Amino acid sequence: MPTSPSDPQDPYDLAVIGAGPAGLAAAVTASALGLRCVLLDAGPRPGGQYYRHPAPELGAAHPEKLHHGWSAFAGLRDRLAASTVAHLTEHQVWTVERSTEGRPWRLHALHAGEAVTVEAAAVLLATGAYERQLPFPGWTLPGVVTAGGAQAMLKAGLVLPGRRIVVAGSGPLLLAAASSLVSAGATVPAVVEASNYLGYARGLATLAANPAKLVEGAGHGTNLLRGRVRLRRSSAVVEAHGTDRVTAVTVARLDAEWRPVPGTERRIECDAVAVGHGLLPQIELATELGAETVTTADDTVALKVDDQLRTSLPGLWAAGETCGVGGADLAIAEGALAARVIAGAPVPASLRTRRERRRAFAGLMAAAHRPGPGWTDWLREDTDVCRCEEVPAGAIRTAVEELGAADPRTVKLLTRAGMGWCQGRMCGPAVACLSGASALKPDARPLACPVPLARLAEGEPRP
């Protein structure tokens, strides 16, 4: 059961938004250092997307077998349970009001349809990331899921999206997802990776400074070898086939710009596809307030922070994927570091070194898996890019080439691409690329999630 928030007249020292690796590390560290801390999260249990795990009633005997680094999470979870942190589960923060003239920050959340307000002297944003999708013909068929979605089904529901699953896209999440699926008994005929991994060769010193990452990758590789999974590099799923659900995919080789090479197409039978092209930092709560951002090596947008993890807004810190995607180890290090800075406690040199090494590896990883501009060549004119509004690639190209749209916002106004339920989270990167944008722009929206009109009409949210 969630803990009730304190009296709004008695603000917390620190409010942490997100109970993934970064948020958990920040909350338990801050509490241990004497801060009154509140941890708000949309999920029913701690762990976030990375450490998603089944509900107790499912009776999973060994949920740790589907995770890498479970012991780190177990330690954080136990520290949270033993701490004084007010853990507000199933609280979706939809907007944040800045601290002004000595007044505390105000966080507005929804819990069971009701409005909740929490006040704090400082805020740490640890909201994680969501998956980047690049559409292809047939990607709307039942059985085509995101790579992270396939892992979520397995970790939280103990179910598979299919029995014969092609894993495709780009980034280290593919190997982790395929390894989990194989361990759960699925057949994975191929892992289809759009990059060629050669980008990692440019950072040998960074690789050497992160031996744990090499060990992790070797572990996934060994598991895939046991499952006789074929790794297809510099390749992509360029079409999914089927009527009621996916029954096969066409895979093609890609050139250096990610354009399909004619004559290299091969068909692979399957009943599910898990596809993803990396992750996008979830930073809407900060960008709506005007926080400064940076463009990462894979053309995503992250919050700009200093070496103390302060954002450009006084009193607002960020940690983990909000600063650029880098994995759980980095997130835990940044959460602990930020909490120490907020509490005014010294930061051990070992913690700073760990954070710097993991952040360097994150930059190397992002550069190695940056999508090439030629991926749009696998789109047909009738391929839906915006699934919510059913806007095809042809309509977007017409808006750009004939109607003069020169940016994603104009394309959105002319075609409705991005106006649906997900508000562009699924189609945003693809629309930006088709619009000619070289990189994504900061996303500033007044509401970070859907809010009932009744709650907005009430004016001041009820505590």
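**Sheet first, then the rings**

Reply: Let's start with a bridge: Ala-248 has Glu-269 in β14 as its bridge partner. Bear in mind that this is a predicted model. Strand β13 (residues 246–253) and β14 run antiparallel, and four bridges join them. Zooming out, the open sheet has three strands in the order β12-β13-β14, with antiparallel pairing. The edges are taken by β12 (235–242) and β14 (266–269); each has a single partner strand, so one side of each has no neighbour in the sheet. From one strand to the next, the twist averages 30°.

Now the rings. The count of aromatic pairs comes to six. Take Trp-70 and Phe-73: their ring centres are 5.0 Å apart with the planes at 65°, so this pair is edge-to-face, the cut-off being over 60 degrees. Both residues belong to helix α2 (residues 70–82), where Trp-70 and Phe-73 are three residues apart, about one turn of the helix. Trp-70 and Phe-73 are both buried, too. Another pair, Trp-375 with Trp-378, is tilted, at 5.9 Å centre to centre and 55° between the planes. Trp-375 and Trp-378 are buried as well.

Back to Trp-70 and Phe-73: together with Tyr-50 and Tyr-51 they form one aromatic cluster. Tyr-50 also has a charge over its ring, as the charged end of Lys-155 sits there, 5.5 Å from the ring centre. Elsewhere, Arg-387 lies over the face of Trp-139, 4.7 Å from the ring centre.

Definitions and conventions. Residues are numbered from 1 along each chain as its sequence is written. This is a predicted model: local features need pLDDT of at least 70, side-chain atom pairs count only at pLDDT 80 or more; totals for chains, interfaces and linings use all residues. Side-chain values use heavy atoms; hydrogens and water are left out. Two strands pair if DSSP finds at least two bridges between them. Helices (H or I, at least four residues) and strands (E, at least two) are DSSP runs, numbered from the N terminus. Axes are lines fitted to C-alpha atoms, for helices over the stretch in contact, and angles run from 0 to 180 degrees between N-to-C directions. Rings of Phe, Tyr and Trp (its six-membered ring) pair if their centres lie within 6.5 Å; planes under 30 degrees apart count as stacked, over 60 as edge-to-face and the rest as tilted. Buried means under 20% relative accessible area, exposed over 50%, partly exposed in between (1.4 Å probe, protein chains only). A charge sits over a ring if NZ of Lys or CZ of Arg is within 6 Å of the ring centre and within 35 degrees of the ring normal.
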